[in-house]
Each structure stands twice: as C-alpha cells, then as structure tokens.
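Please keep the sequence and the model in view while reading.

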Amino acid sequence: MDTEAGPGSLPYLPGTGRPIPEAEPGLVERWHSGGGELVELLTQVREGLGGIAAFRLGPAPTVLVTDPQAVQHVLAQHPERYVKRSHRARVLLGDGVLSATGAAWKSQRRLLQSQFTGTGMRRYEQRITGAARTTAGRWAEYARTGQTFDVGQEMRRFALDAIWRSLTGHPLDAGTERELAAVAAVATALPTLPADVTDAQDAVAADLARIDAVARNAIEAARGGAAGPDGPGLLHVLIDAATERPEYTDRLIRDELVTLLVAGHETTATTLTWLYLLLDRNPAAREEALTAGGEGSPQRHQAIQALVHETLRFYPSAWILPRHATEDDTLAGYAVEAGTDILLCPYLTHRDPELWPDPEHFDPRRFTTPDGRPTHPGAYFPFGIGPRACLGVQFALRESTVLLEHLLPVHSLAFSSTPTKAVYGITVRPDGPTPATLT
C-alpha cells in the first residue's frame with residue numbers, strides 16, 4: 001500500500017483551482033496500526049483539513065467531501081462528472097436499479113420512479129398500515145406476557161413485512177421470512193467478501209440460492225395472476241414491463257425484486273432500531289413528540305417524523321457515497337483531476353459543529369423549529385441528493401412514521417442491554433443485540 005506521497009503531490013490544474021490539502025503521509029499508517037474503522041480515518045482527515053481534503057490508500061489520492069456546497073456540486077449539479085461505479089453489493093443486487101449505471105439505470109429508474117411519489121405512494125398506504133398493525137399486535141402480546149424480545153429483529157420483521165406486501169400484495173408469511181433471513185446474512189458479509197466477483201458469489205452461494213428461490217416463486221406466482229388481498233404490487237409492475245421491454249428478463253426482474261427488498265427494509269429497520277436506542281438515552285424526546293398534538297393530528301405527525309429525521313442525522317441510511325471523477329473539474333475552488341475517487345460522507349457532514357450546533361446532542365426540534373437546521377441542501381442528505389438519491393425516501397419515511405404512531409403512544413421500552421459501538425457496513429448498524437421488554 002503506497003502511503004508515501006506527501007502534501008503538494010495532488011494534481012493542480014493552472015487557472016482552474018488550488019490544490020486540495022492532503023493528509024500527512026503517516027496518518028494512514030497510524031490509523032492501520034490502531035486497527036481503526038474507516039470512519040475514524042475520515043473523521044481525522046476532516047477535522048485536520050476541512051470539508052474538502054485528500055488522503056491516500058493507494059497510489060492515487062482519494063478526496064473526502066463533507067462541505068455542503070461541494071456535496072451539492074458533486075451529487076446534484078454535476079452528477080455526469082462524478083459517477084457511480086460498480087456497487088459493492090452487486091453480488092447480491094445484480095443489475096438492479098441501485099447498482100445499474102448509464103442508460104440502463106436511467107430506464108430502470110424511470111419505470112420505478114412513479115411508484116414512490118404521489119399517487120404511487122397512496123397505493124401502499126394500506127399495506128404499510130397493515131404491517132404496522134401486525135407489529136402492534138405482537139407488541140401487545142409481549143406487553144401482556146412480559147416477554148423479552150430483540151428490538152432490531154422486530155424492526156426488520158416489520159420493515160420486511162411492509163415491503164413484501166408492497167411488492168406482492170401478500171402479508172409476509174413465516175416461511176418466506178425465514179428464507180429471506182439470507183438477505184441480511186449476505187448484506188452483513190459484503191464488506192468481508194473477496195474482491196473477485198466469482199469468489200464472492202461462491203462464498204455466499206447457499207444464501208444466494210435461498211434468495212433466488214424466494215424471488216423465483218414470487219415471480220411465478222405474480223405471473224400466474226396471484227395478486228394478494230391488497231391487489232397487485234410492485235412485482236406486477238416489473239412483470240408487465242417485460243411485455244414491452246425485452247431487457248426485463250426474469251433475471252433482471254429478480255435483481256429489481258431483491259434490490260427493492262434490501263433497500264426497502266434494511267435501512268428502515270436500522271433507522272428504527274437506532275431511534276429506540278436514542279430514545280432510551282433521551283426519554284424526554286418521546287414525551288415531547290406525544291404531547292405535540294393529539295392522536296392523528298398534524299402536530300404529532302410532524303413531531304414523530306422529526307424523531308426519524310434526527311435519527312437519520314445521527315445514522316444516515318447511506319453513511320458514505322463513493323463517486324469517480326470522469327473529467328477535470330473545479331470543486332469549490334479546488335482542482336480535481338479526471339480519475340480521482342471521491343468519498344462523500346453524510347455521517348460526517350451531519351456531525352459538523354459549524355453546521356449543526358452541539359451535533360452529538362439528540363434534538364428532534366432541529367426539524368420542527370424555524371432555523372433549527374441548516375438550509376443548504378448539501379448539509380442534510382441521509383438518502384443522498386440529486387438524480388441518484390434513494391427512490392424510496394417517501395416510502396421509508398412513511399413506514400417509519402406509521403409504525404411509530406402505532407407504538408410510541410402505547411409502549412415504552414426497557415432495554416436489558418444496549419450495544420456500545422456501531423458497525424459501518426452498507427448501513428451503520430448497532431454492534432450487537434438489542435434485548436428489551438415493554439413497560
């Protein structure tokens with residue numbers, strides 16, 4: 001690993017910008033010798049050099065971008081200059097919309113976009129509410145019996161039920177839930193898989209086979225006209241597309257189905273788990289949300305949604321967003337050469353004290369009071385911004401809010417133990433179980 005290049009070695013394009021400040025050569029070595037997480041290195045780089053800074057993990061520099069203006073420039077204003085390359089989750093997602101690029105991505109995105117805005121979202125309201133009521137029923141039984149349960153597992157169960165109903169029209173059954181545990185297994189393994197795609201697939205072949213079998217059965221059922229009690233779902237939209245678009249083979253339909261499963265439940269489940277852990281440390285925030293207004297009132301709805309937003313500030317759904325510069329550019333006054341790797345880090349932007357006063361304090365009022373949060377769009381982007389922002393933002397916010405409207409007024413959690421660390425993988429998740437009882 002080359003870490004010898006010193007300051008001043010970054011590309012400088014005369015007349016287009018000044019050189020990007022680069023971390024001292026020994027920083028990466030010290031980070032490695034301490035066994036630190038990548039987020040620790042990025043934190044040191046930002047604290048030492050500011051919102052646009054460089055460090056070396058190899059022969060070429062990687063540029064860390066946390067400055068809101070630069071974030072907006074990269075993700076929203078010039079996405080054609082800063083592109084997404086091969087997604088590390090491709091072994092699981094295949095060519096689904098999350099990992100697709102170029103013309104294929106544009107076509108797939110266009111098909112799905114209408115399903116997650118306006119009228120499209122209203123189709124899934126009843127399904128999300130059904131999943132929330134099922135979860136509320138389980139929690140009522142936990143409260144009656146005093147049973148200890150794992151909060152993270154419950155949140156995954158709810159979110160998987162909500163997206164499964166939206167995809168197929170059917171509630172999640174026990175057998176499907178059991179088989180789809182393989183999705184979480186592969187997602188957890190991704191950061192440690194071999195770089196070679198074939199070797200990576202071999203390492204998780206058994207779990208991929210279970211996922212493929214669930215997808216194949218769901219596709220065959222939907223193609224046979226087996227709409228659920230709530231009517232056709234997103235899977236039917238994909239199958240219908242295949243009649244006019246030859247690229248929608250069974251393999252691509254499988255990839256889109258698995259992509260929607262992963263994106264539609266893993267991030268939401270993680271956010272809700274963190275939210276309950278944060279409420280455990282900040283119980284007054286729950287009371288403030290419930291006293292903001294009566295049941296079903298806009299005031300309470302806004303206050304509960306603020307709990308979700310503040311949780312996403314702490315633990316954004318996408319904590320790091322890699323991009324690759326395809327051409328020379330000037331980024332907030334700094335010269336960026338074609339071929340440079342860019343890392344945008346919502347996790348660090350959201351914790352910048354110059355943007356968020358007292359950033360380590362959990363305060364949902366940032367999202368309900370005037371001037372409570374930065375107005376620049378690049379200062380808060382838990383789902384990304386620009387054309388590649390997460391398709392399911394409204395779906396995720398809606399399912400989180402609906403579940404909390406069902407559970408928060410009725411139950412308080414008492415954790416038996418809580419994780420002390422976070423794991424930085426595809427998402428930022430708690431490092432360990434979250435056993436609790438209801439009070």
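D202 counts as exposed, with a relative accessibility of 53%, where exposed stands for over 50% relative accessible area, buried for under 20% and partly exposed for what lies in between (1.4 Å probe, protein chains only). The model is a predicted one, in which local features need pLDDT of at least 70 and side-chain atom pairs count only at pLDDT 80 or more, while totals for chains, interfaces and linings use all residues. Residues are numbered from 1 along each chain as its sequence is written, and side-chain values use heavy atoms, with hydrogens and water left out.

D202 has its place in helix α11 (residues 197-203); helices here are DSSP runs of H or I with at least four residues, and strands are runs of E with at least two, numbered from the N terminus. Between D202 and V91 there are 111 residues in sequence, and their C-alpha atoms are 9.9 Å apart in space. T188, in helix α10 (residues 181-189), is partly exposed at a relative accessible area of 43%. The C-alpha atom of T188 is separated by 8.0 Å from that of I426, although the two residues are 238 residues apart along the chain.

**Salt bridges**

How many salt bridges does the structure hold? There are 26 salt bridges, each defined as a side-chain nitrogen of Lys or Arg within 4 Å of a carboxyl oxygen of Asp or Glu. Three of these pairs are set out in the table, together with the separation of nitrogen and oxygen.

| Pair | N to O distance |
|---|---|
| R46 and D352 | 4.0 Å |
| D250 and R223 | 2.9 Å |
| D255 and R254 | 2.9 Å |

In the salt bridge of R46 with D352, R46 belongs to helix α2 (residues 38-49) and D352 to the loop between α17 (346-349) and α18 (393-407), so this pair ties together parts that are 306 residues apart in sequence. R46 is buried, with a relative accessible area of 13%, and D352 is likewise buried, at 13% relative accessibility.

The salt bridge between D250 and R223 links two helices: because D250 lies in α14 (residues 250-281) and R223 in α12 (residues 205-223), the pair ties together parts that are 27 residues apart in sequence. Here D250 is partly exposed at 42% relative accessibility, and R223 is partly exposed at 43%.

For the salt bridge of D255 with R254, D255 is buried at 2% relative accessibility, and R254 is buried at 4%.

**Packing of helix α15 with its partners**

Two packed helices are described by the angle between their axes and by the distance between the axes. Helix α15 (residues 283-290) packs against helix α16 (residues 298-314) at an angle of about 155 degrees, with the axes 8 Å apart; axes are lines fitted to C-alpha atoms, for helices over the stretch in contact, and angles run from 0 to 180 degrees between N-to-C directions. This makes α15 roughly antiparallel to α16, given that angles over 145 degrees count as roughly antiparallel, under 35 as roughly parallel, 65 to 115 as roughly perpendicular and the rest as oblique. The contact (heavy atoms within 4.5 Å) is made by A285, A289 and L290 of α15 and by R300, A303, I304 and L307 of α16. By class, this contact has 6 nonpolar, no polar and 1 charged residues, where Ala, Val, Leu, Ile, Met, Phe, Trp, Tyr, Cys and Pro count as nonpolar, Asp, Glu, Lys and Arg as charged, and the others, Gly among them, as polar.

Helix α14 and helix α15 pack at an angle of about 105 degrees, with their axes 4 Å apart, which means that α14 is roughly perpendicular to α15. L279, D280 and R281 of α14 meet P283, A285 and R286 of α15 in this contact, and by class it has 3 nonpolar, no polar and 3 charged residues.

**Cysteines**

The structure holds 0 disulfides, a disulfide being a pair of cysteine sulfur atoms within 2.5 Å. C345 is in no disulfide, and the nearest cysteine sulfur, that of C390, is 17 Å away. C345 is buried, with 0% relative accessibility, whereas C390 is partly exposed at 31%.
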